[in-house]
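Q: Hi, I'm new to this one. Can we go through the charged side chains together?

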Amino acid sequence: MQAHIGNYNYYLQMIRDVTGLNEARDGGMPDKNALVGVQKLAAANSNTATRHILQAGLFLTAETAECLSLRISDIIEYSPTRDAFIESIGGRNLSTLEELSEMHLYDFGIFLDLMPDEEEKMMLENNIQAALQQGGIELEDAIDLREIKNIKLANQLLKIRRSKKEEKDRQLQLENIQAQSESNTKAAQAAAQAEIQKTQALDQSKAQLEQMKAELETVKMQQEVQMKKELMALEFQYNMQLKGVEVGGIKEREKQKEDRKDERTKIQATQQSEMIDQRNSGKPPKNFESAGNDILGGGFDLGSFDPS
């Protein structure tokens, strides 16, 4: 029995070596003492050994899908069994399939990709986490990326979402800069307007002050003019009074002169009359000075008389 079991294990190992299906892939119980890295390396080696089988299967599947697409297009456009095909798929689905008659083979875009393994999923998750930490994508983008089973499409979508996020952030930054610039401009305009209003208020205050000064100066000048008029009127009145007194004095002096002149005339007439009387009567000479004093009532001195 031991020899039979040894032969069995020997031929099984040979089959594994030839086919590349080792114990990491054949579904057998792995060794409990084997490390995880060793198991992954064994699975990777087995995948390498059977990769041609996997590629052949993928090629056959893609070719089958292309042939089916072409066959469906031919059935809809040329085949006499079109009515039977319509009855089998239904009239509503026909409207969708009729578009295949106008499409080329490469318009279908038939591609086959394998489901991602844990290592590829981990790499995608690391990329998502790095993008989230750097702010390249939003949480909603990360949720959408985790729902995609195709790693290539997920990575491409990650690039697209990151580019859109950068463009969005750039646009937001530009809008913020523009808003800040507009805010600064409005603030500067408001400050300039306030400065203009302040200047206008100061100018208006200065103008009002100058106007008040001018009005006060005008009132002062009017008061000075009025006072000067009153002073001139008073001076004129005093001058008129002085002039009247002066004229009165002159008149009084003239009157006194005339009175004295009349007195002298009277004295001369009296003396001439006495001289004529003396000449006619042959009387002795007479002292006219004493006679004049007697005539004037005594005490009148001719020497103090002003001949002018």
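Q: Where does Glu263 lie?
A: Glu263 sits in helix α8, which covers residues 151–281. Keep in mind that this is a predicted model.

Q: Is Glu263 buried, exposed or partly exposed?
A: Glu263 counts as partly exposed, because its relative accessibility is 34%.

Q: What gathers with Glu263 on the surface?
A: Glu252, Glu254, Glu258, Asp259 and Asp262 do. Together with Glu263 they form a patch of negative charge.

Q: New topic. How many salt bridges are there?
A: The count comes to 7.

Q: What does Asp141 pair with?
A: Asp141 forms a salt bridge with Arg161. Their closest N and O atoms are 2.6 Å apart.

Q: And where are those two in the chain?
A: Asp141 is in helix α7 (residues 139–147), and Arg161 is in helix α8. They are 20 residues apart, so the pair links distant parts of the chain. Asp141 counts as buried, because its relative accessibility is 13%.

Q: Which residue does Glu166 bridge to?
A: Glu166 pairs with Arg162, with 3.8 Å between the closest N and O atoms. The two are 4 residues apart in helix α8, so about one helical turn separates them.

Q: Are Glu166 and Arg162 buried or partly exposed?
A: Glu166 is partly exposed at 39% relative accessibility. Arg162 is partly exposed too, at 35%.

Q: What about Glu167?
A: Glu167 meets Arg170 in a salt bridge, 2.7 Å from N to O. These residues are 3 apart in helix α8, again about one helical turn.

Q: Which residues are joined into a network?
A: Glu138, Lys165 and Asp169 are, through salt bridges that share partners.

Methods
Residues are numbered from 1 along each chain as its sequence is written. This is a predicted model: local features need pLDDT of at least 70, side-chain atom pairs count only at pLDDT 80 or more; totals for chains, interfaces and linings use all residues. Side-chain values use heavy atoms; hydrogens and water are left out. Patches are made of residues with over 30% relative accessible area and no salt bridge: like charges are joined within 9 Å, nonpolar side chains (Val, Leu, Ile, Met, Phe, Trp, Tyr) within 5 Å. Accessible areas come from the Shrake-Rupley method with a 1.4 Å probe; for residues, only the protein chains shown count as cover. A salt bridge is a side-chain nitrogen of Lys or Arg within 4 Å of a carboxyl oxygen of Asp or Glu. Lys and Arg count as positive and Asp and Glu as negative; His and the chain ends are not counted. The place of a charge is taken as NZ of Lys, CZ of Arg, CG of Asp or CD of Glu. Buried means under 20% relative accessible area, exposed over 50%, partly exposed in between (1.4 Å probe, protein chains only).
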